[in-house]
Amino acid sequence: MNVREAVLTVDETQTSFLEHGPSLIERAARTAAVAAADADGVDRDARFPHKAFEVAREQKLLGVMIPAEFGGFGASIHDVTDVCYTLGRACASTAMIYAMHTTKVACVVRHGHGIPRMETMMRRVARDQWLLASSTTEGQNGGNIRASAAAVDVAGDTVSLLRDATVISYGAEADGLVTIARRATDASASDQVLLALARDDYSLKRTLGWETLGMRGTCSTGFELKVDCPTDRVFPESYDKIHAQTMTPFAHLCWSSAWAGIAAAAVTRAQAFVRKAARTSGGQMPPAAAHFTAAKMSLAKLRALISANIDAFARAEHDERALGSLDFQSSITLLKVQASELAVETVMHAMRTAGLSGYRNDGEFTMGRHLRDVLSSPIMINNDRILANAATSTLMSGVPTSLRD
């Protein structure tokens, strides 16, 4: 159901989310305005964007994907990626946190129907605007989330887990956590399960800090994650299915949309620089104006790439066979690589458009924060790892015989 059509039917006194209030994009814009005003401070102090998420909660953005039957608004992939893009233009850390939260919510929504505990979590996300964090990186595995070292230990109706989580973005600020682990102590690294946890199901002990070049407000510190909870926190469906059908598509689409937002913000500043330079020189274009054209072209390619993949996922999101096809999996996996490289390219062209004015940290056309933030994109689940893992599948995939295949 599209968010523009969703109606709250849980309570007769509730009215349509959009018919009697601001549209989703207007609500995102309100959040983005606060995020933009606080972005420099969030970056400088490497602090969680509290102000932006206070407004996001007020605007009910954290629960938009939850189905109406559980108190949400049934937002579509088109809707939430638009929010990621809008937030990305304002504050990269805010956008990335929202993108990661959305991916976790999607896992609960798409694989939690009929499971009482998961349906309770949906209601809490919608009603209380819970923020869900993600723990997929552990020990020395880097970004290889299809291999887990830690295993769940089931004893009767309880489950325990001890995980060396080298990165949990905004873990200290989250109301819940979604994590992966080996199915059992004797299971292979790739035989995994997904757990959806409330804050009282686990404890965190900080082990690493977060002093980075960019994306500083994501507060992606390391923790020892200790889980002790009932077994109904574990999804019965195997993680390999959740990974292919939901985790990867939503992560790559939402991340890419956030990166595109960063790129768009840089292009906006480059455009303002060119216009000002032309006005002050009697209409003569500045020397690096050609880079602005390149930036606009690169941004157009990036947006078209993301839009095509969003449309492809929307057509196939309820078709397990289509989602599992070699062509779809290759496309959605490589989207991350292509989008991240294009986003960096776009910001670099924008900065070169403005020259020293973009390079400076103290002017109206500064793009240092945008560049530092977007440089995280190729190394967030390293592109080299993705390309190496995709080599076999891309070799097996056929070459299209026409433009529209």
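**View 1. Val-154 and its bridge partner Val-159 in strand 3.** In this predicted model, Val-154 is paired with Val-159 of strand 3. Strand 2 and strand 3 (residues 158–168) are joined by three bridges and run antiparallel.

View 2

**View 3. The crossing of helix 9 and helix 12.** Two packed helices are described by the angle between their axes and the distance between the axes. The axes of helix 9 (residues 326–354) and helix 12 (residues 383–396) come within 10 Å and cross at roughly 145°. The crossing is left-handed. On the helix 9 side, the contact includes Leu-326, Leu-334 and Val-337, while Ile-386, Leu-387 and Ala-390 are among the residues of helix 12 that take part. The contact residues comprise seven nonpolar, six polar and two charged.

**View 4. Cys-91 and Cys-229, two buried cysteines.** The count of disulfides in the model is zero. A disulfide needs two cysteine sulfur atoms within 2.5 Å. The closest cysteine sulfur to that of Cys-91 belongs to Cys-219 and is 11 Å away, too far for a bond. Cys-229 is in no disulfide either, and its nearest cysteine sulfur, that of Cys-107, is 17 Å away. Cys-91 has a relative accessible area of 4% and is therefore buried; Cys-229, at 3%, is buried as well.

Key:
Residues numbered from 1 in each chain as written. Predicted model: local features only at pLDDT ≥ 70, side-chain atom pairs only at ≥ 80, totals over all residues. Heavy atoms only, no water. Pairing = 2+ DSSP bridges. Helix = DSSP H or I, 4+ residues; strand = E, 2+ residues; numbered from the N terminus. Axes fitted to C-alpha atoms, helices over the stretch in contact; angles between N-to-C directions. Left-handed = near helix turned anticlockwise from the far one by under 90°. Contact = heavy atoms within 4.5 Å. Nonpolar A, V, L, I, M, F, W, Y, C, P; charged D, E, K, R; others polar. Buried < 20%, exposed > 50% of the residue type's maximum accessible area, 1.4 Å probe, protein only.
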